[in-house]
Structures are given as C-alpha cells and as structure tokens.
Amino acid sequence: MYKNDRVTRRYSEPFKLKILSELTNGKYNKYQLGKLYGIAPTTINEWIRKYERKDLMNTRVMVETNDEISRIKALQKEIEQLKKLLLKKDLDQMVEQSYLEVAAQKLGYKNVLELKKKLNI
C-alpha cells in the first residue's frame with residue numbers, strides 16, 4: 001500500500017455538529033459514535049476542541065482520603081525543604097570555590113588545581 005492510496009475523508013460542518021449533538025444527548029459515547037459512523041474517537045476529540053465543547057471532554061476526578069491528602073502535603077513540604085538544602089549546598093560550594101580562587105591568586109598559583117596539589121586536598 002502506497003502513501004497515496006490512503007483515503008482522506010472530509011466531513012461537513014453539519015455532520016460534525018450532528019455528531020457533537022448526539023454526544024451531548026448522552027445516547028452514545030465517543031467510541032460508540034466512532035463505530036457507528038466509522039470515525040476515530042481522536043477525530044471526535046479534535047472536533048470537540050475545534051468547537052470549544054469542553055463539557056464533552058473526558059474529565060479526571062481524583063478521589064483521595066484525608067490520609068492521602070495529608071501524606072501528599074507532607075511530601076510536598078519535604079520536597080521544598082530538600083530543594084532549599086540543595087540550593088544552600090550549591091551556594092556553599094560556589095563560595096568555597098571562590099575562596100580557593102582568591103587564595104590561589106594571592107599565593108601566586110596559576111589556578112586552584114595547582115593550589116590543591118600543593119596542599120594535597
């Protein structure tokens with residue numbers, strides 16, 4: 001099968017709106033309409049986006065217990081603390097590197113590596 005052998009389908013605006021109205025009525029879902037009319041559910045999703053019918057998009061509902069919510073909050077707090085610690089560590093390392101650069105320069109070494117070799121660090 002060659003690329004040019006594929007059939008390109010074009011749907012009219014009234015047909016698209018008919019499909020969306022049937023979906024709105026709740027008589028069929030996207031997959032049933034797809035089978036009924038030979039349309040991929042992804043195509044129906046594109047029409048939903050095109051006509052800004054967000055009410056027809058799948059929605060995700062999260063059901064969580066209070067224990068799960070408190071655990072998530074605790075983990076988020078821990079993540080924030082770890083980010084702050086990591087930032088502090090990076091800043092301390094930058095300061096230390098800067099001190100070594102200044103010390104190497106004042107002591108007459110070419111670079112920090114030469115100073116570290118001399119001091120066996």
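Helix H1 (residues 13-25) comprises 13 residues and reaches 18 Å from its first C-alpha to its last, close to the 18 Å expected at 1.5 Å a residue, where helices are DSSP runs of H or I with at least four residues, numbered from the N terminus, and the expected span is 1.5 Å times one less than the number of residues. The model is predicted, so that local features need pLDDT of at least 70 and side-chain atom pairs count only at pLDDT 80 or more, while totals for chains, interfaces and linings use all residues. Residues are numbered from 1 along each chain as its sequence is written, and side-chain values use heavy atoms, with hydrogens and water left out.

Within H1, Lys-16, Ile-19, Leu-20, Glu-22 and Leu-23 are buried, buried meaning under 20% relative accessible area, exposed over 50% and partly exposed in between (1.4 Å probe, protein chains only). Helix H2 (30-37) and H3 are included in what covers the buried residues of H1, and just after H1, Gly-26 takes a positive phi of about 85°.

Helix H3 (residues 41-50) contains Asn-45, which is buried at a relative accessible area of 16%. Not counting residues up to four places away in sequence, Asn-45 touches Lys-30 and Met-57, contact meaning heavy atoms within 4.5 Å. Pro-41 also lies in H3, but counts as partly exposed at 24% relative accessibility. Leaving aside neighbours within four places in sequence, Pro-41 is in contact with Lys-30 and Tyr-31; Pro-41 and Lys-30 are eleven residues apart in sequence and 5.6 Å apart in space, C-alpha to C-alpha.

How values were computed. Helices (H or I, at least four residues) and strands (E, at least two) are DSSP runs, numbered from the N terminus.
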